[in-house]
Amino acid sequence: MTKLKDKKPSKLEALKAMSPKDRNRAIGDMLMNNAMFIIIAIAVVGIWIAEPTFLSIPSIVNIINLTAAKLPIALGVGGCIILAGTDISAGRVVGLSACIAAGLQLTTNKLFPGLAVMPVPVAILAVLVTGACVGFVNGFFMAKFKLHPFIVTLSTQLIVYGIILIYMQLGTNSGQTLSGMSEAYRNFVTGKLFTVGNTAVPRYVLYSAIIAVVVWVIWNKTTFGKNMYAVGSNEDAANVSGVNVVKTIIMVFMLAGMLYGLTGFMDAARIASVNANTGLNYESDAIAACVIGGISFVGGIGKVSGAIIGVLLLQLIFVGLNYLSVDQNLLYIVKGMIILVACSIDMRKYLVRK
Amino acid sequence: MEENQTPKQDSAEQPQRPFRGLYRHVKVSVKTLDRIIIGGIAATVLLVLFGIANNGYTVTFDSRGGTDVPAQELMYGDLVAEPEPPTREGYVFSGWYSDENCRYPWDMETYQVSQSMTLYAAWEEVP
């Protein structure tokens, strides 16, 4: 095997050795498979020329911050996509977690009158448990009843939204936006990590990086991670070779749920005001980021680095279009188109692979 | 140009292994996919160009019972120009807020526009 690898010529040499027709085809494949990256690169350069402040230090720090804020949810959805599924309840779970984290951290608590501000670890524990519960329901119905991932997560999306609305009616709050969270909590998440130039980098960038490392270790270095890839690429084969498929699927969704919970925990402090619509449509960004980053709907294929690149590229594009004052409503259409095109490219990659 | 290919090359275009996952029922040729991808990218680019050509954010003013205040067309990073304060019988105008509950005042001198939005008028009852 190693011998074969040694003899394998580099990509460039292989390209030279081909006949002109094959070479054209190979170059065409390469261009098409990376079309999304090429287009995004051109767009970024174009926006930079039109608005030079787009790539100034404060703007770049802002893009990195946004990437960090959206990374955990993308990693969670990424795990579900590796199972050849998906999760459209993600955004609502982020919303519920944000409401719960905020509810435990209000200085004048209208949800639970008389409740003192809880320590920050309690809030973290609460969002992890919430996310894991929803994830368990998702995974259970998918693994046991072989229901389509879209149907299961659509149901949980509705259920979670209902819970959010009821939760926001608790006490004397009557559905109002939650704001005025404790200083300790806000500082824990958005406090200054270090400064670049004159721009402060918040602490949640560090937390997001830690989460990415932990997820990388789980995906690549644990039996659970290897089982996840095995189940994703071929469920029957994984079953035959002794992998507990049901347990693996449930655990992947529980892990994803916890990651959504952490996203909500960071978002509540980051945005500093939480309402029933917090987290709306987050899953669409996360799915788009994963598909752009090469986490494939084929199943069993995808890397943590892919999710990071996907989130970063998506934020670059949308912050850039914001700089050009493009109407926000139009951006929804652009997002949808990007998902469709990215899926077509993803499909093409695995259609021609030998 | 490549329509009339020999059968041998045609077979090279067939998938070498069956699709799995969400794509397992997909039957599509590379050529069709290429057209879809290029078409999709072209449509997206056109859409973005359309957006850039019609750029600008609209800031509307909800005077909430007071006299109408005209909307403003602004670009990213612009400041909202202080409009003529609206009037309302029995009330005194007390400023523009970015939320309906009038909790977050909009500071016209420092806050920059980054999206289309509505500013809400706050009123105090004349005692």
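A:Ser174 is exposed, having 9 other C-beta atoms within 10 Å, where exposed stands for 12 or fewer such neighbours, buried for 20 or more and partly exposed for the range in between, with C-beta atoms placed from the backbone. The model is a predicted one, in which local features need pLDDT of at least 70 and side-chain atom pairs count only at pLDDT 80 or more, while totals for chains, interfaces and linings use all residues. Residues are numbered from 1 along each chain as its sequence is written, and chains are lettered from A and ligands numbered from 1 in the order in which they are written.

**Backbone at two loop residues of chain A**

- A:Ser174 sits in the loop between α8 (149–168) and β1 (178–179) of chain A, the helices being DSSP runs of H or I with at least four residues and the strands runs of E with at least two, numbered from the N terminus; its phi is near 40 degrees, a positive value in a residue other than glycine.
- A:Ala272, in the loop between α13 and β4 (273–274) of chain A, likewise has a positive phi although it is not glycine, near 70 degrees, and with 15 other C-beta atoms within 10 Å this residue is partly exposed.

**Helix packing within chain A**

- Two packed helices are described by the angle between their axes and the distance between the axes; here the axes are lines fitted to C-alpha atoms over the stretch in contact, and angles run from 0 to 180 degrees between N-to-C directions.
- Helix α7 (residues 120–145) and helix α13 (residues 245–271) of chain A pack at about 145 degrees with their axes 6 Å apart, and α7(A) passes α13(A) in a right-handed crossing, a crossing being right-handed if the near helix is turned clockwise from the far one by less than a right angle and left-handed if anticlockwise.
- The contact of α7(A) with α13(A) comprises 22 nonpolar, 8 polar and 1 charged residues, where Ala, Val, Leu, Ile, Met, Phe, Trp, Tyr, Cys and Pro count as nonpolar, Asp, Glu, Lys and Arg as charged, and the others, Gly among them, as polar.
- Helix α5 (residues 57–82) and helix α10 (residues 204–221) of chain A pack at an angle of about 35 degrees, with their axes 9 Å apart, and α5(A) passes α10(A) in a left-handed crossing.
- Residues count as in contact if their C-beta atoms, placed from the backbone, lie within 7 Å; those joining α5(A) to α10(A) include A:Ala68, A:Leu71 and A:Leu75 of α5(A) and A:Ser208, A:Ile211 and A:Val215 of α10(A), and by class this contact has 11 nonpolar, 2 polar and no charged residues.

- A:Cys80 belongs to helix α5 of chain A and counts as buried, with 32 C-beta neighbours inside 10 Å.
- Although A:Cys80 and A:Val252 are 172 residues apart in sequence, their C-alpha atoms are 6.7 Å apart in space; leaving aside residues up to four places away in sequence, A:Cys80 touches A:Gly85, A:Thr86, A:Asp87, A:Pro149, A:Val252, A:Phe253 and A:Ala256.
- Helix α6 (residues 90–105) of chain A is mostly covered, 16 of its 16 residues being buried.

- The buried residues of α4(A) are A:Ala35, A:Met36 and A:Ile47, and seen down the helix axis they fall within an arc of 95 degrees, so they line one face of α4(A), the arc being that of the directions from the helix axis to the C-beta atoms.
- Turned away from that buried side, the other face of α4(A) carries the exposed residues A:Ile38, A:Ile42, A:Val45 and A:Ile49.
- The contact between the chains takes 33 residues from chain A and 30 residues from chain B, and α4 (35–50), α15 (304–323) and α16 (328–352) of chain A each supply at least two residues of the side of chain A that touches chain B.
- The largest share of that side, 15 residues, comes from α16(A), and its residues divide into 22 nonpolar, 7 polar and 4 charged.

**Chain B**

- Chain B has 2 helices and 4 strands, running α-α-β-β-β-β from the N terminus on, and 11% of its 127 residues count as buried.
- B:Asp107, found in the loop between β3 (91–97) and β4 (117–125) of chain B, counts as exposed, with 12 C-beta neighbours inside 10 Å.

Notes. Two residues are in contact if their C-beta atoms, placed from the backbone, lie within 7 Å.
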